[in-house]
Amino acid sequence: MRHFRALFIRLAGLFRKDRHEQEIAAELESHLQLHIEDNLRAGMTATEARREALIKLGGIEQAKEMVRERSGLPVLEVLLQDLRFGLRMLMNNPGFTAVAVLTLALGIGMNTGIFTILNGAAVRLLPVPHAEQLLTVSQTYRKLNGSIQRNVRENASFFSYSEYHAYQDQNRVFTGLLAYAPFVEATLGGEHLQKLQGALASCNYFDVLEVPPALGRGFTEAECSAANSSPVVVLSDTVWRNAFGADPSILGKPIVLNRTPVIVVGIAPPGFEGSEPVPSQFWAPLTLQTSLMRGQDRLGDDKQSWLGLVGRIKPGVSANQVLAGLGVIAAQIDQLDPGRITTLAIGSATLFSVPEERFALFSAGGVVLFAVGMILLIACANVSSLLLARAAGRRKEVAVRLAMGASRWRLIRQLLTESLLVALLAGMLGSLISFWSAAGLMHFLQSIVSPGYWPMALNVAPDLHVLAYALGLTLITGITFGLVPALQSSRADLTLAMKGESAESGAKPRSKNFMRSALVAAQVAACMVLLLAAGLLLRGLHRANTIDPGFRMKNVTAISFDLNGAGYNDQRAEALQRQLLERIAALPGVDAVAQASAVPLDDNHSVTDFSIPGRQDHILTEYNQVSPTFFPLLDIRIVRGRNFTDAENHTGAPVVILPQSTARRLWPGQDPIGKTLVRASISYEIVGVVKDAQVSFLGGSDEVYSYFPAGPKEQIGLRLLISGAGANAPTAQTLSTTVAALDPELAVDVVNLADNLKPWRTPGRIVSALSAILSVLALVLSSIGVFGLVSYVVSRRVREIGIRMALGADKRDVLILVLRQALRPVAIGAILGIACCAALAWIVSTTLPKDISGRFLYGISPLDPVSFLLVPGFLLCVAILASYLPARRAMRVDPMVALRYE
Amino acid sequence: MGDKKDVWQGTLALMVLKTLQALGPLHGYGIARRIEQTSGDLLAVNYGTLYPALLKLEQEGYISSEWGTSDNNRKAKYYKLTRAGRKQLDKEAREWEQTTEILARFLAPGKESA
């Protein structure tokens, strides 16, 4: 405590300097007088008495200095001094300051902006009270011999209903454990007919999250215990305002969700939108699952992964205790299924909390952060280079300070303070820009990541993490660009500098040139990485725009509806489908109608596995269930065998058609017709082989794919494809009316098949645009770096060039001399950059999931030779141009002027 | 001056506190003289080093100061012990005695070595 008291007084001492000075002077003066009087009394002469007293005191100024050091805080004083001096220097060079601050602000701003979004998605805790006490629980499992059978919804790490109950009932580490099933789509019936996205939630949902509904109440035990006893729902504030006009009397009244009447018992507080990135518009008890999703019984299926778990930790319980406590329960569950081994993982409760999602997010975010980090690095190199050039002008100042006795460390500190000031200004400017633009950037990124989906609910307001990130980045930036010049310029040769001679006269220009060359090499390397990445992405984009997906998209329309959710059973679904087929086929302008369980290039492909008799392994395949008209409608040619017959289609006969590549892969060099494959213990005969078509994944047709007939059991999940050209082809309006005539309460999506390409092309287009902008920026910044280096080299070698020319060197020799010196670092940087990008491209393409990387490269190799030849060539041309312009000055050197120079 | 010992870092504060306890309020010159005399002229106090030490003690609240007049009518800054200072003096003196006692036992020709 005494130390703090002293520190405080010393801090205060900083501001009362004058009074302190007077007091010390007075005290020391009185000390001297007392001593002198004593000495006189002892019989010394006046001079002797004064001399002896001064000796004993050890010098008045020295004593004052000692007291001064103690009365204030010297460290702080020096810092303030440095800051004052630094500010003065920056204001004296407004041009330098503006260029440096703006360049760096751009870099820091972009970095902070990207981080803000990552932070909102995966670091910021859920906006609920005491969110730090919340933990998400996820599981991975394997079996000692054989594979685990799970029916996965949304996520493999989710839990089944019975597993949730085991954890909720038996754990002793949580005050409560909630379960939720996200992304439940429901049609709100009645006058506000619209699709809603919501969640099913356990009874304790609002209690565990400590988010009591703003109006009404949450769920009661009775409403959750028995299935469908009394259906209730809590609405989000947004839906309540938009669909029900914020009418409080809605409480207690029934609304219709997926044709099930449910009673509104509560309205969630504004701003609360669930625990997933996609906002929830309603919450219904888990037990309502069978009513909201007809035909599925997830509650009774112990192998169904559909529930995310979030627990509120008991006070004083550690993360390890949680894992241990839950592990016991997991072991009990494992015993029911011998050989199964479950591993639990816990994480803090953020919007993206599932491990795989976080991994994908952080990898993608990491790539982007890396790219903008490169820009910042290039900017740093330029500012560094500027500082080095300026250091030449400050040699004399530095030398004077060194001669006056300043230590080198003190000088470095002074120079670093200046750099940090520049960085801080840039950091503040950049952060302000990024905070303002984060929301806009978010919308932009969202349109890349998930166009046409529900808007994401990310909070991108700056918080402590973001501020800390911005500050840390700023400090690192300041030190990165400031340290080298500070070390460099504080090592002045005293005598040379004091004599006013500069290194132009040839003392030791090597090391300084070396530093700047190294900076340029680093810039070129960073720039090369970005340019190559942009080159690869542009090639991918070109491929995406020109690719032939292998099927017809023109004039094909797809109709989708959710019969399952709308409460249809197999019979009614089949009746509806049959009537629809007839009515649509009868519409004017319709050429053909086909049924398919998956619309080409849509995101709704299903996966199954099959085995081949006589072989061991199970083969995973994406599949589509299609009617015989599907292939002719989409112009997918049958190359061997035959199409399904109508009879096979009506009965759902065990036949299958494979694409060429799949057939070739499974039976290389053999005729696949007549071979069989076994799916769910039924043997399917291969009756036909069709041309490859990229129906599930644009740019990739190497995956195993299969077509099954759209039999009677599948009718409930089928969509319709309609082809029709000409002026009287049916419009979306006509098609919707046709469906509405049969079932007015069925919500229908009508899309043009060609529009399905957009989600595939748009991300590539936007990401290519983004990377093109980044790399142009990098190119401009690097060109400035090269330009600066060459100008500098020329200005320092004017005299030498003059002598060479006087001795008979012609302009060409001089040009080559200068260019060679400039282009060496460029070449080294280029080679480094190419190697670096090749390594990165390889790492990214092997670690990122295929459906992310594939959406940008579309089958282009990450080491695509076209990009790797053209881009370095282009960069080299720019570098030569950037060095040629200042190098021309060298050719115009007049030997006479040069020799008299200085 | 050759034989005189410099004052150890840290012990000067203890000496100042003890002096003020023994003599009551005193100015800087008086404290310096007293320390020199008490040590039997074995210690060479550079009077200048006394002032930062006094300032430190004052900042820590162990002593307080005020301007007064000396016996021969000269203005001087007088220091006196505060309550916290008295307590600190007790504590430090005890610790110091303990330390010296321990060291003395080590340095004395012990029975073990005999």
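The dialogue below works through several features of a predicted model, from its confidence values to its cores, strands and rings.

Colleague: What confidence does the predictor give the complex, and what is the average pLDDT of chain B?

Modeller: pLDDT is the predictor's confidence in each residue, from 0 to 100, and where it is low, the predicted coordinates should not be read in detail. Chain B averages 82, with 83% of the residues scoring at least 70, and the complex receives an ipTM of 0.84 and a pTM of 0.69.

Colleague: How many helices and strands does chain B have?

Modeller: Helices (H or I, at least four residues) and strands (E, at least two) are DSSP runs, numbered from the N terminus. Chain B has four helices and five strands, which follow one another from the N terminus as β-α-β-α-β-α-β-β-α. Buried means under 20% relative accessible area, exposed over 50%, and partly exposed in between, with a 1.4 Å probe and protein chains only; of the 114 residues of chain B, 40% count as buried.

Colleague: Which residues touch the most other members in the largest nonpolar core?

Modeller: In soluble globular proteins, nonpolar side chains tend to be buried together. A nonpolar core is a set of buried Ala, Val, Leu, Ile, Met, Phe, Trp, Tyr and Cys residues joined through side-chain atoms within 4.5 Å. The largest has 68 residues, of which Leu104(A) and Phe481(A) touch the most other members, and helix α13 (residues 355-393) of chain A gives the most to this core, with eleven residues. A second, separate core of 46 residues includes Val233(A), Ile250(A), Phe282(A) and Trp306(A).

Colleague: Which residues does Phe481(A) touch?

Modeller: Contact means heavy atoms within 4.5 Å, and, not counting residues up to four places away in sequence, the contacts of Phe481(A) include Leu104(A), Cys380(A), Val383(A), Leu387(A) and Val422(A).

Colleague: Which strands pair with β6(A)?

Modeller: Two strands pair if DSSP finds at least two bridges between them. Strand β6 (residues 232-235) of chain A pairs in the parallel sense with β8 (residues 260-267) over four bridges, whereas two bridges join β6(A) to β9 (residues 282-285) in the antiparallel sense. Val234(A) stands opposite Gly266(A) in β8(A), and its bridge partner in β9(A) is Trp283(A). Both faces of β6(A) are covered, with Val232(A) and Val234(A) buried on one side and Val233(A) and Leu235(A) buried on the other.

Colleague: How are Phe206(A) and Phe219(A) arranged as an aromatic pair?

Modeller: Rings of Phe, Tyr and Trp (its six-membered ring) pair if their centres lie within 6.5 Å, and planes under 30 degrees apart count as stacked, over 60 as edge-to-face and the rest as tilted. The count comes to 18 aromatic pairs over all chains; Phe206(A) and Phe219(A) form an edge-to-face pair, at 5.8 Å centre to centre and 65 degrees between the planes. Phe206(A) counts as buried at 3% relative accessibility, as does Phe219(A) at 8%.

Colleague: Which phi values are positive in residues other than glycine?

Modeller: Most residues other than glycine have a negative phi. Among those with a positive value are Ala246(A), near 55 degrees, and Arg259(A), near 65 degrees. Ala246(A) sits in the loop between α10 (237-244) and β7 (254-257) of chain A and is partly exposed at 24% relative accessibility, while Arg259(A) sits in the loop between β7 and β8 of chain A and is partly exposed at 29%.

How values were computed:
Residues are numbered from 1 along each chain as its sequence is written. Chains are lettered from A and ligands numbered from 1 in the order in which they are written. This is a predicted model: local features need pLDDT of at least 70, side-chain atom pairs count only at pLDDT 80 or more; totals for chains, interfaces and linings use all residues. Side-chain values use heavy atoms; hydrogens and water are left out.
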